[in-house]
Amino acid sequence: MSAQMNPAEQPLPELSDRIKVRALEVGGAEGPLAARLYTSGDSGERGAGKRDTLLVFFHPGGFVGGDLEGADIFLRHMADDNPHVAVLSSSYTLATERSFPAAVEDAHAVLNWAKKNKAKAAWTGKRLLVCGIEAGANLAAVCALMSRDRGGPALAGQILIMPMLDPGLTTCSMREMQQAPELLEVADACAAAYAGYLPNCADRTHPYASPLQSSRLKNLAPALILSAEDDPLRDEAEQYGAKLIANGVKTSVIRMPPALQSEAGERNECACKCIALGEIATFIAGLDRADAAPLSQE
């Protein structure tokens, strides 16, 4: 009997020929930002054209690097798996240009831009989701906080994939990895990333820099939080999920199989090759069902 293949080693399905990727500019906090819009489906299909759901995605890179290209394959698959969803991948100000809070202000501004520019974003305005990987997942989590605190735009869900949420690097998984030679560089890269993003140590406890430190986590959008078995970021992802649940936020926390994170860019590949795409599709389908459920009759 053959051994079961690790999900991270399974080949990805072929992309359909219906994927469309369009470059555009979106509005950031202080000016235009480069972005890409991903859609799948023929123009004659039901749900093509304008979609009811828009998912805004922020790329990884430890706040100091990364770009729109890094997660391109992942987002193509996400759009292909969810043809009723338009996926908007936006850049943001890196810490090498301006430190915190420039990136989070950009991220929230992009959500507002999408709400005001439905035609350009190819959606109807019905359902807005936010998503990210690593540093981008930090921005996605913070967007949920900012949207609640600032009165919008309303979010239907937040998807956090291997999020960076603890500038103090205090979790057990992070400390364990610091003692693993093959992952020491990853832990060091996280420390360097936060040093660039949060040069003012006082900012490291700000909830918009470290959602894990927030004492106000009620009334947030439903969350899907994905961690990976051997990722240094695993524990902070799962701790945040536990805090959301304790505060009444509908949250699914899923630990994916091991997928060695020896380089920051491999989180994009892990998100593709592990179970992330399937879990995301299930999460979005659950939101669709919740919206379609009839109101209970008294």
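Trainee: Is T39 buried or exposed in this model?
Mentor: The model is predicted, and T39 is found in strand β2, residues 32–40. Residues under 20% relative accessible area count as buried. T39 has a relative accessible area of 11%, so T39 is buried.

Trainee: Which residues does T39 touch, not counting those up to four places away in sequence?
Mentor: K50 is 11 residues from T39 along the chain, and their C-alpha atoms are separated by 9.7 Å. With residues up to four places away not counted, T39 touches R18, I19, K20, R51, A79 and A86.

Trainee: What is the relative accessibility of T53?
Mentor: T53 lies in strand β3, residues 51–58. Leaving aside neighbours within four places in sequence, T53 is in contact with H84, V85, A86, W123, R127, L129 and D288. T53 counts as buried, because its relative accessibility is 0%.

Trainee: What is the relative accessible area of H59?
Mentor: H59 lies in the loop between β3 and α1. Among the residues it touches, not counting those up to four places away in sequence, are G65, D67, S90, Y92 and I133. H59 is buried, with a relative accessible area of 2%.

Trainee: Which residue in that loop has a positive phi although it is not a glycine?
Mentor: Most residues other than glycine have a negative phi. The loop between β3 and α1 holds F63, which is buried with a relative accessible area of 1%. The residue with a positive phi, about 70°, is F63.

Trainee: Is N219 buried or exposed?
Mentor: N219 is found in the loop between α6 and β7. Its phi is also positive, near 60°, in a residue other than glycine. Residues over 50% relative accessible area count as exposed. N219 is at 68% relative accessibility, so N219 is exposed.

Trainee: How many of the residues of α1 are buried?
Mentor: The buried residues of α1 are D72, F74, L75, H77, M78, A79 and D80. The helix is largely enclosed by the rest of the structure, because the buried residues number 7 of the 10.

Trainee: At what angle do α2 and α4 pack?
Mentor: Helix α2 covers residues 102–116 and helix α4 covers residues 135–149, with their axes 9 Å apart. Angles of 65 to 115 degrees count as roughly perpendicular. The two helices pack at about 65°, which makes α2 roughly perpendicular to α4. Their crossing is right-handed, and the angle is about 65°.

Trainee: How do the residues of the contact of α2 with α4 divide?
Mentor: From α2 come A103, V104, E105, A107, H108 and L111. From α4 come L139, V142, C143, M146 and S147. They divide into 8 nonpolar, 2 polar and 1 charged.

Trainee: Which residue does a cis peptide bond join to F100?
Mentor: Most peptide bonds are trans. G152 to P153 is cis, with omega near -5°, and P153 is in the loop between α4 and β6. The bond from F100 is also cis, with omega about 10°.

Trainee: How far apart are the end C-alpha atoms of α7?
Mentor: Helix α7 has 13 residues, 234–246. At 1.5 Å a residue, α7 should span 18 Å. The end C-alpha atoms agree with that, being apart by 19 Å.

Conventions: Residues numbered from 1 in each chain as written. Predicted model: local features only at pLDDT ≥ 70, side-chain atom pairs only at ≥ 80, totals over all residues. Heavy atoms only, no water. Axes fitted to C-alpha atoms, helices over the stretch in contact; angles between N-to-C directions. Helix = DSSP H or I, 4+ residues; strand = E, 2+ residues; numbered from the N terminus. Parallel < 35°, antiparallel > 145°, perpendicular 65-115°, else oblique. Left-handed = near helix turned anticlockwise from the far one by under 90°. Contact = heavy atoms within 4.5 Å. Nonpolar A, V, L, I, M, F, W, Y, C, P; charged D, E, K, R; others polar. Expected span 1.5 Å × (residues − 1). Buried < 20%, exposed > 50% of the residue type's maximum accessible area, 1.4 Å probe, protein only.
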